[in-house]
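Please walk me through this model in the viewer, one selection at a time. Tell me what to pick next and what is found there.

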Amino acid sequence: MTEFESGFFFFFFFFFCTSFFHASGSRSSKTFKPKKNLPEGSHQYELLKHAEATLGSGNLRQAVMLPEGEDLNEWIAVNTVDFFNQINMLYGTITEFCTESNCAVMSAGPRYEYHWADGTNIKKPIKCSAPKYIDYLMTWVQDQLDDETLFPSKIGVPFPKNFMSVAKTILKRLFRVYAHIYHQHFDSVIQLQEEAHLNTSFKHFIFFVQEFNLIDRRELAPLQDLIEKLGSKDR
């Protein structure tokens, strides 16, 4: 079994165990959001199954490519939901280390600090702790994904004209959770033996946003060295 395959299968095994663990109430977390499920039997559900099957081949470059004949908006919607679930799970495993006292600001190393604003409830960016910021972020993303006018799940319902802009904002903000985990909690990730599936998830995410130019390069700066290292292994 290759390093990728090991990380990939461990990731989905761990996802199942963590989902059960949180659902059972053994460990509560305000930030851990319910898994967003695509309607079974829907075209988006079938696209997700296609993506999972392609991921299993170990070729991430191929896995992120738009399947022949498919709608770009729908492909981006399906993968955005999947990344929300992945990042939601990953952060949920380290919440006991990401506290108001340990992470008084939402940062990705000493050079990058994020302030929260959603443009509706909080219009002026506010400085807040990492757990508070990520709770705001995950709640906001979940609201976008649940909005049928933005992320229609029924066949034949068109995506809105601003869909791509919304998807880009979601993915840009989800990247910040990866950046915070890598910069502030990677020691805990290693301690929990989650390094393989964190790297697999992040590599998948980066290849996807690069394939469709969904995040500005400047936004990726906090993890640029890691991105180049992960990408060089596939050249």
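Contact here means heavy atoms within 4.5 Å. The model is a predicted one.

Start with the whole chain, coloured by secondary structure. It comes to eight helices and two strands, in the order α-α-α-α-β-β-α-α-α-α from the N terminus. Of its 235 residues, 50% count as buried. Among contacts between residues at least 6 apart in sequence, 73% join residues at least 24 apart.

Next, select residues 72-92, helix 4, together with residues 195-211, helix 7. Their axes lie 11 Å apart and meet at an angle of about 155°, which means that helix 4 is roughly antiparallel to helix 7. The crossing of these two helices is left-handed.

Now show side chains at this contact. On helix 4, pick Trp75, Ile76, Asn79, Asp82, Phe83, Gln86, Ile87, Met89 and Leu90. Facing them on helix 7 are His197, Leu198, Ser201, His204, Phe205 and Phe208. By type, the contact residues divide into nine nonpolar, five polar and one charged.

Move on to residues 130-146, helix 5. Its 17 residues reach 24 Å from the first C-alpha to the last, close to the 24 Å expected at 1.5 Å a residue. Of these residues, 12 are buried, so helix 5 is largely enclosed by the rest of the structure. Among the buried ones are Tyr133, Ile134, Leu137, Met138, Trp140 and Val141; Asp135, Gln142 and Gln144 are buried as well.

Note on methods. Residues numbered from 1 in each chain as written. Predicted model: local features only at pLDDT ≥ 70, side-chain atom pairs only at ≥ 80, totals over all residues. Heavy atoms only, no water. Axes fitted to C-alpha atoms, helices over the stretch in contact; angles between N-to-C directions. Helix = DSSP H or I, 4+ residues; strand = E, 2+ residues; numbered from the N terminus. Parallel < 35°, antiparallel > 145°, perpendicular 65-115°, else oblique. Left-handed = near helix turned anticlockwise from the far one by under 90°. Nonpolar A, V, L, I, M, F, W, Y, C, P; charged D, E, K, R; others polar. Expected span 1.5 Å × (residues − 1). Buried < 20%, exposed > 50% of the residue type's maximum accessible area, 1.4 Å probe, protein only.
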